[in-house]
Amino acid sequence: DPHPGNLLVEIGKTAAETRLVILDHGLYCNLSKKRRLAMCSLWQGMVLQDDVLLLSSAAILGIDPSTAELLPIYFTNRSRSTKAGL
C-alpha cells in the first residue's frame, strides 16, 4: 500500500545513515538481489529527487521513462521538479 502515509524518513547522524522506512508492505514475494536493489534505488531516487538514479533503476525494472517520470507523483505526492521536501 505505497502512499505518503506509509513512508517514514529515519534521520541518521549522517546523511549516509538516514533511511527510508516503508510501512504496510502488503503481499510479499521473493526477489532476486538485482531486482531488490533496483527497487531500493528507485525509492531512493524518488525520495532524494535524483533523476539519474530514478530513471536508471526504473529501466532495470522494465519501467519506461515516461512512466518512471510519474512515479514520484504517485508515491511521494511530489513531481520530479518540485523544490518541496518530504
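**View 1. Contacts and fold of the chain.** Of the contacts (heavy atoms within 4.5 Å) between residues at least 6 apart in sequence, 36% join residues at least 24 apart. This is a predicted model: local features need pLDDT of at least 70, side-chain atom pairs count only at pLDDT 80 or more, and totals for chains, interfaces and linings use all residues. Residues are numbered from 1 along each chain as its sequence is written, and side-chain values use heavy atoms, without hydrogens and water. The chain holds four helices and two strands, in the order β-β-α-α-α-α. Helices (H or I, at least four residues) and strands (E, at least two) are DSSP runs, numbered from the N terminus.

**View 2. The largest nonpolar core.** Eleven residues form this core: Leu7, Ala38, Leu42, Trp43, Met46, Leu54, Ala58, Leu61, Ala68, Leu71 and Phe75. H1 gives the most, with four residues. A nonpolar core is a set of buried Ala, Val, Leu, Ile, Met, Phe, Trp, Tyr and Cys residues joined through side-chain atoms within 4.5 Å. Buried means under 20% relative accessible area, with a 1.4 Å probe and protein chains only. Of the 86 residues, 21% count as buried.

**View 3. Surroundings of Leu54.** Leu54 belongs to the largest nonpolar core. Leaving aside neighbours within four places in sequence, Leu54 is in contact with Leu42, Gly45, Met46, Ala68, Pro72 and Arg80.

Key. Buried < 20%, exposed > 50% of the residue type's maximum accessible area, 1.4 Å probe, protein only.
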